Amino acid sequence: MTTLSLLAGLALGPVVGLVATLAMDVVMARLPEGTTAPKVAAGVLTDTPVDDAPERLATWVHYVAGGGSGLLFVGLVAATGSLLGLGPLAAVAVAGVVQLALMVGFFALVPLPRASGLPRQRLGPIRRDWAVSAATYVVVAAAVVAVATGV
């Protein structure tokens, strides 16, 4: 595995995030509540009901968060590899588990409870579809980092 410099990691992170977000979009489009997560974020930001949330803002939030999550993932891979002394494949795997927990946990605990206009019976399916989408993101991000670093 190629060790990434800080500059290389900063350059790779948003690329990883964008590629993973694009893959996530394919999955989200096929899930019943898949496209709701970005609307939840936009609705919370604008204090509007989720179904009335601005589509354009939802898209921007989705891609900005995806790029930022790519930076976080690359940082987690580097940190787990160096701090825990893990091999390259193990570092990517551990970082993937941590990233998935952070993505699902943050969404379920921060924006989703603050969203307005969602009936209680939709919350479980939204969380489930977000977890599936986030898992797709992590798998693709892990693959991109593995290829980019020569794992």
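**A chat about an aromatic pair and a pocket**

Trainee: Are Phe 107 and Trp 130 buried or exposed?

Mentor: Both Phe 107 and Trp 130 are buried. Keep in mind that this is a predicted model.

Trainee: Okay, and how many aromatic pairs does the structure hold?

Mentor: There is one aromatic pair. In it, the rings of Phe 107 and Trp 130 have centres 5.2 Å apart and planes at 35 degrees, so the pair counts as tilted.

Trainee: Which helices do those two residues lie in?

Mentor: Phe 107 belongs to helix 4 (residues 88-109) and Trp 130 to helix 6 (residues 120-149), so the pair ties together parts 23 residues apart in sequence.

Trainee: New topic: what volume does the largest pocket have?

Mentor: About 490 Å³.

Trainee: Which helix gives the largest share of the lining?

Mentor: Helix 3 does, with seven residues. Helix 1 (6-30), helix 2 (36-46), helix 3 (55-83), helix 4 and helix 6 each supply at least two residues of that lining.

Trainee: How many of the lining residues are nonpolar, polar or charged?

Mentor: The lining has 17 nonpolar and six polar residues, with no charged ones.

Technical notes
Residues numbered from 1 in each chain as written. Predicted model: local features only at pLDDT ≥ 70, side-chain atom pairs only at ≥ 80, totals over all residues. Heavy atoms only, no water. Phe/Tyr/Trp six-rings, centres within 6.5 Å; stacked < 30°, edge-to-face > 60°. Helix = DSSP H or I, 4+ residues; strand = E, 2+ residues; numbered from the N terminus. Buried < 20%, exposed > 50% of the residue type's maximum accessible area, 1.4 Å probe, protein only. 1 Å grid on protein atoms, 1.4 Å probe; cavity = no way out; pocket = protein on both sides within 12 Å on 5 of 7 lines; lining within 4 Å. Points joined across faces, edges and corners; volume = space filled by probe spheres on them. Nonpolar A, V, L, I, M, F, W, Y, C, P; charged D, E, K, R; others polar.
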